[in-house]
Amino acid sequence: MKRSLGFVLTLFALLALAACSGSKAEGPKIVIENAWGRPSPKVATAGAFYMTIRNEGSEDDALIGADSDACGTIELHESYMKEGGAMGMRPVPGGKIVIPAGETVELKMGGLHIMCIDKQIDFQPGTKVKLILHFEKSGDIPIEVEIRNPMK
Ligand SMILES: [Cu+2]
């Protein structure tokens, strides 16, 4: 089901490209950099992925979800301050993270992140986790997430 949705989105992206050919509009152009996650044993049932997402294109796009064999479920989360000052996290409003044309969005500790729920493997330093990002317009973008300790 998830796979076929991805296919349909890719098809839409191709159709959108075809419709735009001949015009100057380039659409979105997504570049992912520095994708990483903190180490944790498998018994820790959840982990988070962080990265830099840049849109070098001329049209807004949005991250709408992700899939990985290493996670039972993946959600897009934001961190927020609870009443009383403790930090909490929750699914992003509208279920997506908009990446405006020409801008860079940071997924980072204490902010936006990709939540890996029901982890299937140990996240050891050096582990590479395969992740497929789903974008509203750019379709599926496969990446590798490096498990490592946070850099100062
Ligand atoms: Cu989270």
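How many bridges join S1 to S10, and in which sense do these strands run, parallel or antiparallel? Two bridges join S1 to S10, and the strands run parallel. This report describes that pairing in the context of the fold of a predicted model.

## Overall architecture

The protein contains 1 helix and 10 strands. Along the sequence, the order of these elements is α-β-β-β-β-β-β-β-β-β-β. The protein has 152 residues, of which 26% count as buried.

## Strand S1 and its partners

Strand S1 covers residues 30–37. S1 is joined to S2 by 6 bridges, and these two strands run antiparallel. Within this pairing, Glu33 has Thr52 in S2 as its bridge partner. In the parallel pairing of S1 with S10, the bridge partner of Trp36 is Glu146 in S10.

Strand S8 has antiparallel pairings with S2, through 4 bridges, and with S4, through 6 bridges. Cys116 of S8 takes part in both pairings: Gly47 stands opposite Cys116, and Cys116 is also the bridge partner of Ile74. A further bridge to S8 places Leu76 with Ile114.

S4 also pairs with strand S5 (residues 87–91), in the antiparallel sense and over 5 bridges. In this pairing, Ser79 stands opposite Met89 of S5. S4 and S5 form a hairpin with 5 residues between them. The turn includes Gly84, whose phi is positive, at about 95°.

## The nonpolar core

The largest nonpolar core comprises 25 residues. Those with the most contacts inside this core are Phe49, Leu63, Ile97, Ile114, Cys116 and Leu131. Two or more core residues come from each of strands S2 (46–55), S3 (61–67), S4 (71–81), S6 (97–99), S8 (113–119), S9 (128–135) and S10 (139–147).

Beyond its neighbours within four places in sequence, Leu63 is in contact with Ile53, Leu76, Lys96, Ile97, Ile99, Leu133 and Phe135.

Ile64 is found in strand S3. Ile64 counts as partly exposed because it has 19 C-beta neighbours inside 10 Å, while the threshold for a buried residue is 20 or more. When residues up to four places away in sequence are not counted, Ile64 touches Gly95, Lys96, His134, Phe135 and Glu136. Of these, Phe135 is 71 residues from Ile64 along the chain, yet their C-alpha atoms are separated by 5.5 Å.

Val145 lies in strand S10. Val145 is buried because 25 other C-beta atoms lie within 10 Å. Leaving out residues up to four places away in sequence, Val145 touches Ala35, Trp36, Gly37, Phe49, Val129 and Leu131. Phe49 and Leu131 are both among the residues with the most contacts inside the largest nonpolar core.

Most residues other than glycine have a negative phi. Asn34 has a positive phi, near 55°, and is not a glycine. The place of Asn34 is in strand S1. Asn34 counts as partly exposed because it has 13 C-beta neighbours inside 10 Å.

Asp118 likewise has a positive phi, of about 60°, although it is not a glycine. Asp118 lies in strand S8. Asp118 is exposed because 11 other C-beta atoms lie within 10 Å, and the exposed class extends to 12 or fewer.

Key. Residues numbered from 1 in each chain as written. Predicted model: local features only at pLDDT ≥ 70, side-chain atom pairs only at ≥ 80, totals over all residues. Core = buried A, V, L, I, M, F, W, Y, C linked by C-beta atoms within 7 Å. Contact = placed C-beta atoms within 7 Å. Pairing = 2+ DSSP bridges.
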